[in-house]
Amino acid sequence: MFKNHLKIAFRSLWRNRAFSAINMFGLILGFTVFIFIAEYVAYEWNANRFHQNFNQLSRLSFLYKTGESNYYLPPGLGPTLKSNVPGIKQVVRIGENVGSGVLSINTGASKNVFREERVSFVDGQFLKVFTFPVLQGNGLLNEPQTMALSKTTAIKYFGNVNAVGKVIQVNNQFGNTDYTVTSVYQDMPQNSDIQADVLLSYKTLESAALRNGNDWADPTGLGSEYSYLYILTNENANLSQISAQATNLWHKLKPDSKNDHVGLQPFQNLHIAPGFSYQFQTYGSLLLLIAFLSVAMLIIVIAWVNYINLSTAQALNRAREVGVRKVLGASRGQLTLQYLTETFVLTTISLGVAMLMVLMLQAAYNSFLEKQLSLAVLNAGWFWLGGATLIISGTLLAGGYVSWVLSSFNPLKTIRSKAFLKVGGLSLRRGLVVFQFVTSIIFIIATIVLYEQLQYMQNQDLGMKVEQRLAVTGPSIINSSQRDNSIAFENEVRQLPFVKQLSASNNIPGQGYNFSTAGITKSNANPGDDKKSYAMLIVDDQFFKTYDINIKYGTGFTLPMLAHGWTKTKKVVLNEAAVRQLGYNDNNAIIGQKIKWNNDFEIVGVVKDYHHLGLHEQIKPMIFLPAVADGFFTLKMETANMSTKMEQIRSLYQKNFPGEPFSYSFLDEVYDKQYKTEYQLGKIFIAAAFTAVLIACMGLLGLAMFAARRRIKEIGIRKILGANVFSLVNLISADFLKLVVVALVVASPIAWYIMHRWLEGFAYRITMQWWMFASAGLMALFIAFATVSIQAIKAAVSNPVKSLRSE
Amino acid sequence: MIKITNLEKFYRTEEVETVALNKLNIEINRGEFVAIMGPSGCGKSTLLNILGLLDDPDGGSYLFNDIEVAQFNERKRADLRKHNIGFVFQSFNLIDELTVFENVELPLIYTGVSATERKERVEEVLSKMQIMHRRNHYPQQLSGGQQQRVAIARAVVNKPKLILADEPTGNLDSSNGNEVMELLTDLNEQGTTIIMVTHSEHDARYSHRIIRLLDGHTVVENIMM
Ligand SMILES: Nc1ncnc2c1ncn2[C@@H]1O[C@H](COP(=O)(O)OP(=O)(O)O)[C@@H](O)[C@H]1O
Ligand SMILES: [Mg+2]
């Protein structure tokens, strides 16, 4: 029986090739997009889940009265917590990338040198608490001067993973220290938020000698906040109780921190926030995930809608077949089964083709997302099952409805009546087309708004210049001659004819500040002023000139001010926001005033506000501090003939900083990187809009074919009565264009609301304009018209005699 | 008014070529009422479609008001058609979605008549056809005879000089059929040329002249009375 159904199904799909192809095209597109997005969602969902202790892990954060959170904590809090708060089994601290520098091994004859960025200090139990499988060694880092290497790093250094017992010299900000490898661990998966290629034992830094004067890094210290604190709790620990006790403890340790709260962020919420107002910071973007998910759901629903639409439209052609079958004794159940079999065949083929498409396009998709995705990521948790259930149930629903419509035809009417047969659900089909276009138009509007915002951010006057600025990363090895080397390098680079300006600073625009701090006030401060925070940036005398930042009052720094460093010179430059926050009047009288920050610091200048970071955030109150900096060297230069110029800079760099790898970036690129999420969203929406419009047009095409066929008699009569082709095309197209107009009316407020909410995430943003909606509508109208008019023209130019004859 | 010489029409399908009209010669004068008769498939409808400029011949000449129209293109034919010719079909061919009034109004819309004039002329012709009270009904709500009267109203609303009727009584009972024939006779008496295809000897008797076709060829012409 089923075999028979199958045979007939294939035959009738083949007979209605055009419709089947259009129908399958929509489904294939829908399934392909759906699978791709499922991969992404599964990947994000599975982030960090490979840890066996996943459910018992939390990260500590400070929560401030201002609503801000800070996950950098003083490392000294860790051990104290473990011994004082019940319910905590382990505390693991991570000083992320704090140990980055140059690693070298002596292989007798030569010395192999590698620059490593992802070098972190961790507590001894790190590899026991987190699940990064240990391939070699005991997995412990309890002793000073011990280290662990990732598999890839071990192979890079030694050619294989047998590295245990080997000694590596690490040259970083803590000087030159030898470490012994105790373990080699499996590379951290890409969807782990904890990433390190080299792990160094935190214990090492307990020795003052091995800190090389950087006492801020003291693991027992409570002063500087630079470490992640993860805790492993007991099975049924009460997190809010632990959080309360940790807060109490912190208040006891630091009596001036009474307003701060120590919060626990469950590891589950580390990657994706459970909601938009989640107070802790996360690694992944909930916004992207939700955008992805909604796109996936909408696209697959559109594909099914399309299926229903096309199949019921086509039903008209099959009415006679249904009638004959019924007269011959087919029951409604049998007919339903027959048509469900067709759906099944169609869906299976489409799904198969979609899988092939996924395999073929995977590489392109991965490079777009910069993630390593494959069908294999679905092989986790409920994704296979969930996805399969969704596809099957959707298909059953869509197919079931179509079968029901088909099998409900009255046999006598369909066989006998030559007159126009009214197939049920014409208004339903119109509703479905409206739905498809609503979705498409929303995607188009979202795309337009998104790109306008991106455009705006790129064209916004930043108050400084990033074009033609090259940032060279400074040396990471700290030694006694470093300062002289930096000055020598600067002077030599200045001699290069193509370098117009050069500045050394310890951080750069688009990248970040040096640190943020409170406790800065004017001399007669108001209560509470000391809680306001300022972003600090350490720069040299050329910084403002190099970035074309305007000086409003006073001067910038001068060379003599750099000489002794900001701690001794005690001079600062403010931006306008800092002037406002400190409570000064915005005029020249500010020059020479002294601000209090433990000691008095003299204001020597005020610069105009500029966007140090992206347009997501308001311009922060900034305080600039003078020093001979060497974090980054910014070169203002012509970018023509870059490669030869770069060679010259590189050779000077290597001459002055021997053994240091030369790395650089262009400031405009660094700056653009801040909008990565927006760029990705933009690409998602373009792809979504494209797919949705394409599928919607398939539906429209089917409907237009159907309408042209249904109205063939009417068209014939009208032609005989004198209608011209133009008026006939109008007649058919107008109906559909009306649907698109309705869709625009429905879509506009929805799109406005969504994009309004999205724009609120930017401190500097565009306001939506009517033309954005109008052009989305025009675009949809144009595409719809192009689709429909082909059918309409075909119908309109056909010979009326023929169409009336065949009637 | 109409003069066709050696008119030919072929239909080619995959296997066979049908000769629908075979070197046909006919002349029809202004004001005539001509009936065309013949067995099914002899080419009556084909002839009517060509006379009505709905289709073009494969050979021969067709003079319409002394103008050679055999080689006219679609646009020119349409232009000539909508000003000069009205059609009545066996199956009425009314548009289901339009009311009686709107159906009759269509030819006037296509010839660009103003809305006020359209209303006048449609109402005039509907009154004449005694169907005015049904002006807002849809075709399905009318009897066959009423539908055909609407179709005739639609054919004459533009005041065409020629009316082509393809088995206008074919779907009607005899009393409705007679009513339609009376209407056509009235129109003819007012000066409209009428060419009508029919199977009914009874209906043919309303005409002045009967042209009998066999295999696309004139067999005999009877002059009535
Ligand atoms: N569109 C067509 N394609 C093929 N053959 C046709 C077509 N129209 C008519 N014919 C053939 O031409 C001949 C004349 O048809 P027609 O003029 O409709 O005859 P009648 O109206 O006298 O019954 C018939 O044999 C018919 O089958
Ligand atoms: Mg016929």
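How many Å separate an oxygen atom of ligand 1 from an N or O atom in the side chain of B:Ser45? Select both in the viewer: the distance is 2.7 Å. The model is a predicted one, and the tour below starts from this contact.

**Stop 1: the surroundings of ligand 1**

Keep ligand 1 selected and display the residues around it. There are 11 of them, and those that come nearest are B:Gly41, B:Gly43, B:Lys44, B:Ser45 and B:Thr46. Colour the display by chain next. Residues from chain A as well as chain B surround ligand 1, so the site is shared between chains.

Now select B:Thr46. An N or O atom in the side chain of B:Thr46 is 2.5 Å from an oxygen atom of the ligand. At B:Gly43, show the backbone: here a backbone N or O atom lies 3.0 Å from an oxygen atom of ligand 1. The side chain of B:Ser45, with which the tour opened, supplies an N or O atom at 2.7 Å from a ligand oxygen.

**Stop 2: the interface of chain B and chain A**

Select the residues of each chain that touch the other. Between them the two chains bury about 1,600 Å², of which 56% is on carbon and sulfur atoms. A search for salt bridges across this interface returns 0, while the count of residue pairs in polar contact, with both residues at pLDDT 80 or more, is 2.

**Stop 3: a salt bridge within chain A**

Over all chains the structure holds 33 salt bridges. To view one of them, select A:Glu116 and A:Lys156, whose side chains meet at 2.7 Å, N to O. The pair links distant parts of the chain, 40 residues apart: A:Glu116 belongs to strand β5 (residues 110–116) of chain A, and A:Lys156 to helix α5 (residues 151–158) of chain A.

**Stop 4: confidence**

Finally, colour by pLDDT. Chain A has a mean of 85, with 94% of its residues at 70 or more. Select residues 415–423 of chain A: the pLDDT there is below 50, and the stretch has 15 contacts in the model beyond near neighbours in sequence.

For chain B the mean is 89, and 99% of its residues reach 70 or more. For the model as a whole, the scores are ipTM 0.78 and pTM 0.71.

Methods: Residues numbered from 1 in each chain as written. Chains lettered and ligands numbered in written order. Heavy atoms only, no water. Buried area = accessible area lost by both parts, 1.4 Å probe. Salt bridge = Lys/Arg side-chain N within 4 Å of Asp/Glu carboxyl O. Polar contact = N/O pair within 3.5 Å; in protein donor to acceptor, adjacent residues only side chain to side chain. pLDDT = per-residue confidence, 0-100. Contact = heavy atoms within 4.5 Å. Near = heavy atom within 4 Å. Helix = DSSP H or I, 4+ residues; strand = E, 2+ residues; numbered from the N terminus.
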